[in-house]
Amino acid sequence: MSVTVDTVCKVARLARIHIQEGEAERLTGELGQIMDWIDVLGRCDTSNVEPLAGITVDEMPMRRDEALMNNSRDDILANAPAQDEGYFVVPKVVE
Amino acid sequence: MSQETTIIEGDTGIFEIVVGLEVHAQVLSQAKLFSSAPTAFGAAPNSQVTLVDAALPGMLPVINEVCVAQAVRTGLGINAEINLWSRFDRKNYFYPDLPQGYQISQLYHPIVGEGSVEIELEDGSSKTIRVERIHLEQDAGKSIHDLDPRSSHVDLNRSGIALMEIVSFPDMRSPHEAGAYLSKLRSILRYLGTCDGNMDQGSMRADVNVSVRRPGEGLGTRCEIKNVNSVRFVQQAIAHEARRQVEIIESGGSIKQETRLFDPDTGETRAMRSKEDAHDYRYFPDPDLPPLVVTQEQVDAIRATMPELPDQKKKRFVEELGLTDYDASVLCADRANASFFEEVAKFAPAKLAANWITGDLFGALNKAELSIAESPISATQLGQMIGLIDDGKISGKIAKQVFEIMWQEGGVPADIVEERGLAQVSDTGAIEAVIDQLIATSPENVAAYKSGKTKIIGWFVGQVMKETGGKANPGIVNQLLKAKLDQL
């Protein structure tokens, strides 16, 4: 399956991955091969097979509605790039 | 079914408005949808965030059974089909208040299917607005952009709280209908106890889809106005957006499908900065979550605990308690009002109770900017007071005094009447004495009455009431006066 430079750039943008000038060309080949590999699955006839929604258990286990904190705010903020008054601080994002 | 279409008169003819709403309602629960973090409003930033909500590596979501039950309950409340098998999908996008990098939602297999909500139109008729689906999903955190010029602050307390997204069909044709639908939906959610409906706290917000078309034509291209947080703003946003679209079409342009924001300060909508691929969410089934299965027995058990909903309650108030349509609507719109009324009506006739609540009580609460829950006068007090009127112990006029005293100082109505000597005088002897005195001192008016000007009896009644400080029973006064004057 052929993958265009435009598709590579779009996927990179959606995934917030920066690619170098000229890299897209090389990636069209690599991604194309991966797509070919995945396309093999398309050869299976699944017309009589129910879509699979999970592979571990058939039904979702549930939790009770009990509010419980096992960690502190400091635990949560420990990985923050920056923090202020209990908030995560990130580069300005305004819509 | 009646139609109520707001027509926009353009220069080239008329247009009609088509509206559909996506309402996000925060599920009332103790803990979040997939974690045990508490959901209380107004907590210190990032104090209600577990490792799951912060999406730390290796954390897995486990669904909260009450959130599932609340969605089912809401579905039953709008007569919707409940899907016993549903599934969660990942909606992928990047934003700092979404630590997972995706929102867990239900695009393909929502837990609730088609239902409907009845709304009342301005002419008193009703219309059915169809609901397409309700699905469960996670809320995002909150970004604050004005604390610092160069950075944004992020609070993840809301991240992972359960939302129900309630999606209507494009069945509304005017700002009024959209407002009525949103109000009705909020009322139903509050009756059900599945969402507190507090739009000012963000626990209910609407994305509004608006398009216009020439009557009879297919649907036009729509614009989506995001995150509108009051009924009034929804109506303003629709009115403005529809006019904007008509102007574009009439000047030869075409509508571009886009996401817009409503600015409450100007009453206008404006385009959000949009990238061409902003909406490429790359949905796929969430591999962390097996299918969500509820049993018919569970659904039936929830159905067995359904409260009386606003439409049923209103019907009962009108048919069994004899209230007017209007009073019943006003009382039933809010569950707290309806409960207050039912409490009052335990002590007093329903119609009288309704009059006092929608009149004097609502008036006083409005003026003092209090909610019914904050009323200084309890339902028991008001009920007992109205009971005194009904028993003939006090007049309606005196009752207003008692009302004022209870509002200011509290107290038991019967005691207030007793202590302040406000009881209505039904003692015919005492009233007769006043009447005799009056007849003796007003020969001219007596003569006028005798000459056939019987309407002057109103003057006599007024004088007796004045003389007795408003405490004489007006019925008895009338009766005695008539008897005495006719005997002369």
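This short talk describes the interface between chain A and chain B in a predicted model.

A word on conventions: residues are numbered from 1 along each chain as its sequence is written, and chains are lettered from A in the order in which they are written. Because the model is predicted, local features need pLDDT of at least 70 and side-chain atom pairs count only at pLDDT 80 or more, while totals for chains, interfaces and linings use all residues; side-chain values use heavy atoms, with hydrogens and water left out.

I begin with the extent of the interface. Chain A contributes 37 residues and chain B 52 residues to the contact, where contact means heavy atoms within 4.5 Å. Together the chains bury about 4200 Å², 60% of it on carbon and sulfur atoms; this is the accessible area (1.4 Å probe) that the two parts lose on being put together, summed over both.

Next, the polar pairs. The rule finds 21 residue pairs in polar contact across the interface, both residues at pLDDT 80 or more. A polar contact is a pair of N or O atoms within 3.5 Å; within protein, one must be able to donate a hydrogen and the other to accept it, and residues adjacent in sequence count only if both atoms are side-chain atoms.

One salt bridge is counted between the chains, namely a side-chain nitrogen of Lys or Arg within 4 Å of a carboxyl oxygen of Asp or Glu. Its partners are Lys10(A) and Asp280(B), at 3.0 Å from N to O.
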